[in-house]
Amino acid sequence: MNNGKTEQIGEREYEMVELLRKLNMNRSVALVLACLSTGEEVTSRSIEKKAGLRQPEVSIAMRYLCDNNWIEVREEKKTEGKGRPVKLYKLVVPLEYIIQRIENDVMYQKLSVLESIERLKSLT
């Protein structure tokens, strides 16, 4: 688990976010994915601080990542005080797998566009 360090997003992560955004990934999802790319288990709160996101943005991004089976969620009871358990998130697939999925999606989209262009040509 991240031991309280909440540094800002680094150059590597920032470049990753920029590239994911160019591939039409949602900004919040890209930021959260960059925060999880180290492979460490991190709290929602540390992602909020590191990525500069609000809690609802992190939750929406996590839902997308969960729906794709890319992350694991674990709850840990607080050691002090009351309140909800702390949620911990961890990437459970290699980043290379996610990149491959994105590549496949982009290739499919490009092929679909090219097929539409060819169809248009045949109609003229």
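Arg74 and Glu41 pair through their side chains in a salt bridge, with N to O at 2.8 Å. The model is predicted. Arg74 sits in strand E2 (residues 71-76), while Glu41 lies in the loop between helix H2 (27-36) and strand E1 (42-43), so this contact ties together parts that are 33 residues apart in sequence.

Arg74 is partly exposed, at 33% relative accessibility. Glu41 has a relative accessible area of 15% and is buried, because the buried class covers values under 20%.

Arg74 has another partner. A salt bridge links Arg74 to Glu76, and their closest N and O atoms are 3.3 Å apart. Glu76 counts as partly exposed, at 31% relative accessibility. Through shared partners, salt bridges join Glu41, Arg74 and Glu76 into one network.

A further salt bridge is formed by the side chains of Glu57 and Arg54, at 3.8 Å from N to O. That distance counts because the cut-off is within 4 Å. Glu57 is partly exposed, with a relative accessible area of 21%. Arg54 is exposed, at 54% relative accessibility.

The model has six salt bridges in total. Among them are these:

| Salt bridge | N to O distance |
|---|---|
| Arg74 and Glu41 | 2.8 Å |
| Arg74 and Glu76 | 3.3 Å |
| Glu57 and Arg54 | 3.8 Å |

Why do such pairs form? Side chains of opposite charge can pair when their charged atoms come close.

Key. Residues numbered from 1 in each chain as written. Predicted model: local features only at pLDDT ≥ 70, side-chain atom pairs only at ≥ 80, totals over all residues. Heavy atoms only, no water. Helix = DSSP H or I, 4+ residues; strand = E, 2+ residues; numbered from the N terminus. Buried < 20%, exposed > 50% of the residue type's maximum accessible area, 1.4 Å probe, protein only.
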